[in-house]
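Hi,

Here is the structure I promised to pass on. Please have a look at it first, and then read my notes below.

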Amino acid sequence: MDDGMKTQLVSAIHLQDVELQENPADKQPGANNNRTDETFTVEEAVETIGFGRFHILLFIIMGSASIVEAMEIMLLAVVSPEIRCEWRLEDWQVALVSMMVFLGFMVCGVLSGYVADRYGRWKVVFGGFVWSAYFSLLTSFAPSYGWFIFLRSMVGCGIAGASQGFVLKTEFIPAKHRAYLLPLASIFWMLGSMLIIVLGMCVVPTLGWRWMIRISVTPSIILIFLFKFIPESARYNVSAGKVQAAMDSLQKIADMNGSSLPAGRLMEPPVSERGSWRILLSSVYRRTTLLLWFSWFVASFGYYGSVLSSSELLEKNLLCVKDADVEHLVKHRHVDGLCYCIPFGLNDYQTLLISCLGEVALIPLNICLLNVVGRRLSMTIMQMLAAIFFLMLNICTTMYGFTVLLFLLRSLVSMNFNVVYIYTAEVYPTAARSLGLGFCTSFSRIGGMIAPFIAQVLMSQSVILALCPFAVACVVCALGNFLLPIETKGRALLQNS
């Protein structure tokens, strides 16, 4: 090669280097086409964005929603002695109040799930809170027992819609954070339970139960104005073909978290069969669905059994207590009739408060079990332990011993309920996730409807006979949980079946 050719070659290489510096690869013709050809899914976007400020805001607002739900449910345990006294109610009539709340929940549970899958999660959750707050306020003006149970059933219907907030929350959380954040939501449920008990302790003796209900509606009204900060589920928007709306939501979340979306454009096919019960009973999910329905039934049966049993044992002084004070010597049932007016004493309120703390005491253990043994085995272990502690409530012990037993029992049934929620939201695809949760919550309310008649009616006849059904149900459910075919630990949320 002569010197002239070498000079031309060096000049050509130098010219190419200059062009590359002036026109980087991503600005060269055709580069934009390559970038726009790249696509990503909602799952990839959620994982890329990661955990940040948006999820903290989501956690606080949706957690506050759990506070409101807990207050509406726990209100039944606090107000039962008061309405029994005011309207001279029999045991079955007191139990009917709880049953009507859960009946409203059951009827509206499936409906709210269907509407959430077809028309969006946000609308259902917001509407549920407005509905439940309105009818809860009306309950405080109930002129008679009949009006009271009707209005409480309407409250239950609203809570069914609000419970879809768990799906909305789950669909925004990255997979590796779900096992940590979702169990921590129990803290808010505990706060709601404790708040209504403190209200009962402070307000009922002076202003009465009606003012307690009116004051308890205040958090619901505040929460309604905070919902504007929570967007519609991006997973729902994509399944409904609203890709741009999903993209806008994801971009806002990324900006708030100080991160970015994956390269390319969001692209997922819309799902035409949204909110269809056929998905739940398809060959892929049939066994899971049937076992989950029973698991939810027992979760609610056991949880509300523990709540109502504790209040009933304290109100009627049915405990076998070695160191009973004067208050616990007053009995509900006498030879010449019933004593209708036995209000909660200060010690009773304190026992209920301590038992509420049990709902969060074992959260570290819950998180550990979810990450180590998975969802199925976690539910199996907790149900077996709950069965043992239900039977132990019949042991003759001190008031301190009963408080410890109740504390541990509430921990176990609360943990199990939380894991059942997590598993259900993870196992079903976006196309039927809300409907799946709606069906499950409806079956759970059947358990909630039966629990009062055992915890509040049968308990007066025999404590051990009332506790045995809860223990047996927990054992059978533990076996059913072990047979669930799908483990969801670390699994991405599916868009369709």
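Let me start with one side chain: Glu72 has a relative accessibility of 3%, so Glu72 counts as buried (buried means under 20% relative accessible area, exposed over 50%, partly exposed in between, with a 1.4 Å probe and protein chains only). Before I go on, a note on the source: this is a predicted model, where local features need pLDDT of at least 70 and side-chain atom pairs count only at pLDDT 80 or more, while totals for chains, interfaces and linings use all residues. Residues are numbered from 1 along each chain as its sequence is written, and side-chain values use heavy atoms, with hydrogens and water left out.

**Salt bridges**

Which residue does Glu72 meet in a salt bridge? The partner is Arg152, at 3.0 Å from N to O (a salt bridge is a side-chain nitrogen of Lys or Arg within 4 Å of a carboxyl oxygen of Asp or Glu). This pair links distant parts of the chain, as Glu72 sits in helix H4 and Arg152 in helix H7, 80 residues apart (helices are DSSP runs of H or I with at least four residues, strands are runs of E with at least two, and both are numbered from the N terminus). Arg152 has a relative accessible area of 0% and is therefore buried as well.

In the whole structure, the search finds nine salt bridges. Another one brings together the side chains of Glu171 and Arg121, with 2.7 Å from N to O. Here too distant parts of the chain are linked: Glu171 is in the loop between H8 and helix H9 (175-184), and Arg121 is in helix H6 (residues 121-139), 50 residues apart. Glu171 is buried at 1% relative accessible area, and Arg121 counts as buried at 0%.

A further salt bridge joins Arg375 and Glu426, 2.8 Å from N to O. Arg375 belongs to helix H19 and Glu426 to helix H20, so this pair ties together parts that are 51 residues apart in sequence. Both Arg375 and Glu426 are buried. There is also a network: salt bridges with shared partners join Asp117, Arg121, Glu171 and Arg433.

**The disulfide and other cysteines**

How many disulfides does the structure hold? There is one, and it joins Cys108 to Cys157 with an S to S distance of 1.7 Å (a disulfide is a pair of cysteine sulfur atoms within 2.5 Å). Cys108 is in helix H5 (residues 91-119) and Cys157 in helix H7 (residues 145-162), so the bond ties together parts that are 49 residues apart in sequence. The torsion about the S-S bond is about -80 degrees, so this disulfide is left-handed. Cys108 and Cys157 are both buried. As for other cysteines, Cys440 counts as buried at 0% relative accessibility, whereas Cys202 is partly exposed, with a relative accessible area of 48%.

Helix H5 also holds Phe105, which counts as buried at 2% relative accessibility. Phe105 and Arg445 are 340 residues apart in sequence, yet their C-alpha atoms are 6.6 Å apart in space.

**Cavities**

The search of the whole structure finds four cavities of 30 Å³ or more. On a 1 Å grid over the protein atoms alone, a cavity is a set of points where a 1.4 Å probe fits but cannot get out, and lining residues have an atom within 4 Å of a point. The largest cavity has a volume of about 420 Å³, where the volume is the space filled by probe spheres set on the points, which are joined across faces, edges and corners. Its lining has 24 residues, and Ser66, Glu69, Phe166, Trp189 and Tyr421 lie nearest its centre. Elements that give two or more residues to this lining include helix H4 (53-87), helix H10 (186-207) and helix H20 (399-427). The largest share, five residues, comes from H4.

**A nonpolar patch**

On the surface, Val372, Val373, Leu377, Ile381, Leu385, Ile388, Phe482 and Leu483 form a nonpolar patch with about 670 Å² of accessible area together. Patches are made of residues with over 30% relative accessible area and no salt bridge, with like charges joined within 9 Å and nonpolar side chains (Val, Leu, Ile, Met, Phe, Trp, Tyr) within 5 Å; accessible areas come from the Shrake-Rupley method with a 1.4 Å probe, and for residues only the protein chains shown count as cover. Helix H19 (residues 374-392) gives the largest share of the patch, four residues. Leu377 lies in this helix, H19, and counts as partly exposed at 35% relative accessibility.

Best wishes

Key. 1 Å grid on protein atoms, 1.4 Å probe; cavity = no way out; pocket = protein on both sides within 12 Å on 5 of 7 lines; lining within 4 Å.
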